[in-house]
Amino acid sequence: MGAAVAKSVVATQGLKHCTLWKADRSPACRAVMMALDSMNLSITEVDVNMDKGEHRGPDIAALNPLLTLPVFKDRELVLADSHAICTYLASRYCDSNHILPQDPGGRSIIDQHLHYNSSILYPRFRAAAYPILYENCHFVMPQQIIDIEAAYADLDAMLAGREWFGGTWVTLSDIVFSSTISTLNVLVPVDKQKFPRLENWLQRVSEELFYVTANKKGLGEFARKIDTGCNDENEFTCPRSSVRRRTLAKDDYVK
């Protein structure tokens, strides 16, 4: 993990009053999981099998009438947007000024990136992926490729003169972007010749510990679903804690 992020919390902070309902193949869910791991926070995580329609069940509907994932609950507070969940966790439970700057200017830069992800990048992911996942389509349409590569060009330009999207260290911008971009990369690979800064950033962020523990498994699940339409039913083994998930992921990574 980046040095600045690693210093944010020394020991794992267990938040037994918090629960996250999620599906690993969803980039929005993986963004929250990476945020948790970058801040070394452990909460209860409940896997929801979307292929069986569990996200449309009465338990989720009672929390989130939009029937989307992730869903996060902290005592009586319920949030159902990954960007709001990430900023809430950083604001409420992380003392570091690195992952989410506290000054208005620095915070606004992060907010700007999160808005770009929610309004431009993620909708282009959905437009390309959902027909393949749910409508028996077998390829990304040409216009969607053009739209995704236009977003890649934007992101490449944002990285001009910067090591990370927020500046000189990893922030929530990199965490949220890495989830969506790594997933888009399965559909439309980031061309190193066209987007050298973005491709270099993607390589570097993929080596961060939070990416290894919280993104790699779900990204592989998404890729298998895109390629074959199948999932491994044995993967649905939650509830469990975030710290347990991280431990298992680290063990697999070492092997």
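Glu-76 is exposed (over 50% relative accessible area, where buried means under 20% and partly exposed lies in between, with a 1.4 Å probe and protein chains only), its relative accessible area being 75%. The structure is a predicted model, in which local features need pLDDT of at least 70 and side-chain atom pairs count only at pLDDT 80 or more, while totals for chains, interfaces and linings use all residues. Residues are numbered from 1 along each chain as its sequence is written, and side-chain values use heavy atoms, with hydrogens and water left out.

Glu-76 sits in the loop between strand E3 (71-74) and strand E4 (77-79); helices (H or I, at least four residues) and strands (E, at least two) are DSSP runs numbered from the N terminus. The C-alpha atom of Glu-76 is 9.7 Å from that of Cys-18, a residue 58 positions away along the chain. E3 and E4 run antiparallel and are joined by three bridges, pairing of two strands requiring at least two bridges found by DSSP. The two strands form a hairpin with two residues between them, and Arg-75 in the turn has a positive phi of about 55 degrees. E3 also pairs with strand E1 (residues 13-22), in the antiparallel sense and over four bridges. Within E3, Lys-73 stands opposite Thr-19 and also opposite Val-78 in E4.

Helix H2 (residues 27-38) has 12 residues and should span 16 Å at 1.5 Å a residue, which agrees with the 16 Å between its end C-alpha atoms; the expected span is 1.5 Å times one less than the number of residues. H2 is mostly covered, with 12 of its 12 residues buried. The buried residues of H2 include Arg-30 and Asp-37, as well as Val-32, Met-33, Met-34 and Leu-36. Asn-40, which follows H2, has a positive phi near 60 degrees.

Ser-96 lies in the loop between helix H4 (82-93) and helix H5 (104-134). Ser-96 counts as buried because its relative accessibility is 10%. A polar atom of the Ser-96 side chain lies 3.0 Å from the backbone nitrogen of His-98.

The mean pLDDT (the predictor's confidence in each residue, from 0 to 100) of the protein is 89, and 88% of the residues reach 70 or more. Over residues 1-10 the pLDDT is below 50, and this stretch has 19 contacts (heavy atoms within 4.5 Å) beyond near neighbours in sequence in the model. Residues 232-238 also have pLDDT below 50, with 13 contacts beyond near neighbours in sequence. Where pLDDT is low, predicted coordinates should not be read in detail.

Conventions:
Polar contact = N/O pair within 3.5 Å; in protein donor to acceptor, adjacent residues only side chain to side chain.
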